[in-house]
Structure formats: structure tokens, C-alpha cells
Amino acid sequence: MSVEGWEIKKIDELALVDQETLSESTDKNFCFYYIDIGSIIEGNLLIPSNTITFKEAPSRARKRVYFSDVLMSTVRPNLKSFVYFDRTDNNYIASTGFAVLSAKDGVDPRFILYSILSDKITAQIESYIVGSNYPAINSNDVRNLQVLTPPFVEQQQIANILSTVDRAIAQTEALIAKQQRIKAGLMQDLLTKGIDENGNIRSEETHEFKDSAIGRIPVEWEVKQVVDVLLTSPKNGYSPQEVDSWQGIYTLGLGCLTFNGFRATHLKNAPANDSNVAKAILNDGDFLISRSNTREFVGLVGIYRNVGHPCIYPDLMIRLQFDDSVDNRYMQYILGGEKLRRQIQNAATGTSESMVKINSSVVQKLYFSKPKLEEQYRMLKILEKYSESIEIFRQQSEKLKVKKTGLMQDLLTGKVRVTPLLDNSGGIDS
């Protein structure tokens with residue numbers, strides 16, 4: 001696609017690539033902050049809290065980074081660990097797993113960042129790594145990437161628009177993090193102290209507590225094992241023998257169980273030519289726990305919510321059915337809490353950390369504190385207020401991300417021009 005006034009240019013024409021690298025003769029006591037691939041999470045740069053010296057640093061700590069440089073991961077570039085560097089001091093060194101792009105005169109570095117995040121560049125990167133056993137590109141590959149490039153003023157306006165959306169996303173994510181911290185603190189208090197009939201969180205100064213097998217708890221509470229509140233034995237999910245038939249039934253992927261409960265984001269076609277499928281059809285409100293996953297994710301829990309068509313759960317999950325002395329939502333907070341999840345993770349077995357599993361008996365033997373149902377409801381009312389707020393912010397963040405994707409597609413291809421904005425304003429702010 002040709003766009004009037006735009007040119008196809010190589011990255012090498014837009015930026016210097018790896019313009020400064022530390023040599024072996026670098027002062028051994030030179031102190032710096034080291035940036036590796038793991039320092040970039042979802043487009044955000046996490047600066048280490050401490051500096052290291054050259055003699056302490058790994059051998060790959062070599063590439064100088066300055067203000068307004070763009071860091072582009074050349075190792076597993078499909079993960080898009082790319083970021084605009086906005087620190088003004090000069091003691092930052094990046095791993096050789098990055099290409100450091102320093103914009104030339106007349107080029108907006110933020111435009112370079114958004115360009116390398118675009119689908120067009122992703123396709124070019126994939127063409128370089130096809131057939132490779134190790135997903136990586138080198139600095140020469142980066143230099144040869146081709147970018148559809150507008151004049152400088154349009155670069156700036158495109159970058160300004162996309163940066164504005166990025167700031168909105170960052171602000172929304174910060175609000176989510178704040179609400180999650182508040183909720184985590186409340187959970188710790190509510191699940192160990194509870195809330196009395198007057199709406200006050202209990203304390204040992206104002207309420208009576210007692211010793212128990214799991215520590216000090218309010219005198220009104222009981223200590224139970226999970227098996228004590230189950231209606232039936234836990235049921236493993238369905239393991240299909242045939243996968244060539246589909247009749248409108250879906251199966252949940254493991255990704256449906258997250259740290260924040262159930263998410264209908266990993267649904268797959270399911271076979272429906274086996275009578276056993278019916279036994280694994282889920283009902284709205286069913287309680288699920290992953291019994292096989294990586295050690296980090298094994299034991300994740302969630303409450304299934306109707307997604308508009310029949311769903312079954314896989315053999316990698318367990319369905320639990322509780323009696324009417326506990327609320328499913330309360331048990332989600334209990335089993336999804338740090339203390340019991342750690343017990344589940346420690347009990348998981350497997351020959352590889354890439355996949356471990358638990359037996360349902362592990363879950364059944366777990367001890368937990370059980371207030372009366374009325375108090376569970378009082379606790380849930382408070383916690384779910386924060387859950388609802390977090391979910392609203394999360395939806396806003398997802399909408400902004402979708403908006404950004406659409407804007408990138410329109411603006412970086414020239415499909416939508418920013419020229420009218422420039423004409424109306426008479427220019428742009430510097």
C-alpha cells in the first residue's frame with residue numbers, strides 16, 4: 001500500500017542500532033543498573049532496585065542505553081519485550097538479548113517503538129526465524145526490518161495519540177493494582193478475624209478468640225476439612241477418546257482458571273459423540289480447581305459461569321460440590337488464598353516442573369476456618385465490592401487495549417491520516 005508522502009525505510013535508516021557497547025577493558029568497579037529480558041513485563045520496564053558492578057555483572061551485560069532509546073528484545077521477539085526508555089541518567093546497561101535503537105535526527109523514537117510492535121513488523125520478524133530451533137533474530141535482521149514511514153510531524157502526532165492511549169492504560173492498570181492491594185489486605189483480615197453482626201472486623205481486644213489447629217480464630221468459628229463440607233466425592237473432568245466430532249459443546253482450557261477466578265477466555269471445541277460427555281457438562285456456579293498444571297498454576301480455582309452454550313471441563317480439573325453450610329464464593333477465597341494454595345503446590349507431584357498434579361485427596365484433607373453462613377455473606381459483600389470495582393477497571397483496560405490495536409492498524413498503515421489534525425491545529429506541540 002502506497003501512502004502519499006510516506007516512504008518505506010529500513011530500521012537502519014531510522015535509527016542507530018547498538019551504537020555503544022561496553023568493552024572488556026571497562027572499569028571493573030563501574031556501577032550500573034542491569035536490564036535483562038525479564039525486566040520488561042507487558043510493555044513496562046521494571047528497573048532493578050540495586051546497581052551492580054561490571055565485575056559482578058553477567059557477560060551479556062554490554063549494551064549502553066540512553067534516554068529516548070528503544071529496547072527491542074531479539075530473543076523470543078514474538079513476546080514483544082519492547083519498550084521506550086525514558087530514564088534521563090546514564091548508568092543503564094542492557095543485555096545482549098536486546099537491540100538498542102537510537103533514533104536519528106528527524107525520527108520520533110516513540111514512532112519506532114509503535115512500528116516494531118505492529119503486525120507488519122511482526123510478520124517480518126517471523127520470516128527471519130522460520131525454520132530456526134531457537135526463536136531469535138540478530139541485530140542485522142533488525143537493521144533490515146522495513147517500516148512504512150511518514151514525515152516527522154506525522155510521526156510525532158501518531159506517537160502522541162498512541163502514547164495518550166498507553167498512559168490511559170497505565171493509569172487504569174495502576175487503579176487495578178491499588179484495588180487489588182486493598183482487597184488483599186481486607187482478605188487477610190476477614191479470613192482470619194471475620195466481621196461481626198455490627199459490621200466491624202474483629203480483634204482480640206474487642207472480641208473473644210480461641211486456639212485451633214490452624215491458629216487463633218474467633219470463638220464462633222469452626223475448623224473443618226474440605227471433605228467435611230462436600231456433598232459428593234470430587235469428580236475429575238472428561239478425557240475425550242475421540243476428537244473428530246463437535247455438536248456445539250465446548251471444553252474449558254486450563255487458562256479458564258486464573259488468579260482472579262474463572263475467565264471464559266480459553267474455550268475449545270469438544271467431542272460430543274461419547275455418552276460420558278454428559279457427566280462433565282457444567283452447571284452455572286460449579287466450583288472448579290485445576291489438578292494438573294505447572295507448579296505455579298496448579299490448584300487455581302474458579303466458579304464456572306454460563307457462557308451461552310454447553311461446556312464440559314477437562315480431566316485436568318476437578319469439580320467440587322459443597323453443602324449449604326458454605327458459600328461457593330467463600331470457598332473460592334479460602335482455596336484460592338495464598339496459605340492453602342501453597343499447601344496444594346507443595347503436595348503436587350510430577351517428574352517435571354513443567355507439569356505437576358494433585359490428587360483430589362490433597363484438597364479434601366485441607367483445613368480451613370468456617371464461620372456461620374450469615375457471616376460468610378457479610379464478608380463476601382465487602383470483598384465483592386472490590387472485585388466488582390476491579391472488574392470494571394479491567395474491562396476498561398481491555399477496551400483501551402483493543403482501541404490501541406485498532407489505532408495502530410489505522411495510523412501506522414496510513415489508512416487513517418493525522419494530517420487533518422495537523423491542519424486544524426497549525427502544528428503540534430514540541
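Here are a few friendly notes on this predicted model, going from its nonpolar cores to a pocket and then to one serine.

1. Let's start with the largest nonpolar core, which holds 34 residues. Val226, Phe287, Leu320, Phe322, Tyr330, Leu335 and Phe368 have the most contacts inside it. Helices H5, H6, H7 and H9 and strands E21 (287-290), E23 and E25 (317-320) each give two or more residues to this core. Helix H6 gives the most, with 5 residues.

2. Leaving out residues up to four places away in sequence, Phe368 touches Val226 and Tyr330, and its other contacts include Ile214, Lys224, Met331 and Leu340.

3. Another core, of 31 residues, lies apart from the largest one. Among its members are Trp6, Val107, Ile112 and Met408.

4. Next comes the second largest pocket, with about 1500 Å³ of space. It is lined by 43 residues, and Met187, Gln332, Tyr333, Gly336 and Gly337 are the closest to its centre. By class, the lining has 16 nonpolar, 14 polar and 13 charged residues. Elements that each supply at least two lining residues include H5, helix H6 (328-335), helix H7 (338-347) and helix H9 (373-412).

5. Finally, a look at Ser163, in helix H5 (residues 152-193). Is Ser163 buried or exposed? Ser163 counts as buried because its relative accessibility is 9%, and the cut-off for buried is under 20%. Beyond residues up to four places away in sequence, Ser163 touches Arg110 and Tyr114.

How values were computed. Residues are numbered from 1 along each chain as its sequence is written. This is a predicted model: local features need pLDDT of at least 70, side-chain atom pairs count only at pLDDT 80 or more; totals for chains, interfaces and linings use all residues. Side-chain values use heavy atoms; hydrogens and water are left out. Helices (H or I, at least four residues) and strands (E, at least two) are DSSP runs, numbered from the N terminus. Buried means under 20% relative accessible area, exposed over 50%, partly exposed in between (1.4 Å probe, protein chains only). Contact means heavy atoms within 4.5 Å. On a 1 Å grid over the protein atoms alone, a cavity is a set of points where a 1.4 Å probe fits but cannot get out, and a pocket is an open set with protein on both sides within 12 Å along at least five of seven lines; lining residues have an atom within 4 Å of a point. Grid points are joined across faces, edges and corners, and a volume is the space filled by probe spheres set on the points. Ala, Val, Leu, Ile, Met, Phe, Trp, Tyr, Cys and Pro count as nonpolar, Asp, Glu, Lys and Arg as charged, and the others, Gly among them, as polar. A nonpolar core is a set of buried Ala, Val, Leu, Ile, Met, Phe, Trp, Tyr and Cys residues joined through side-chain atoms within 4.5 Å.
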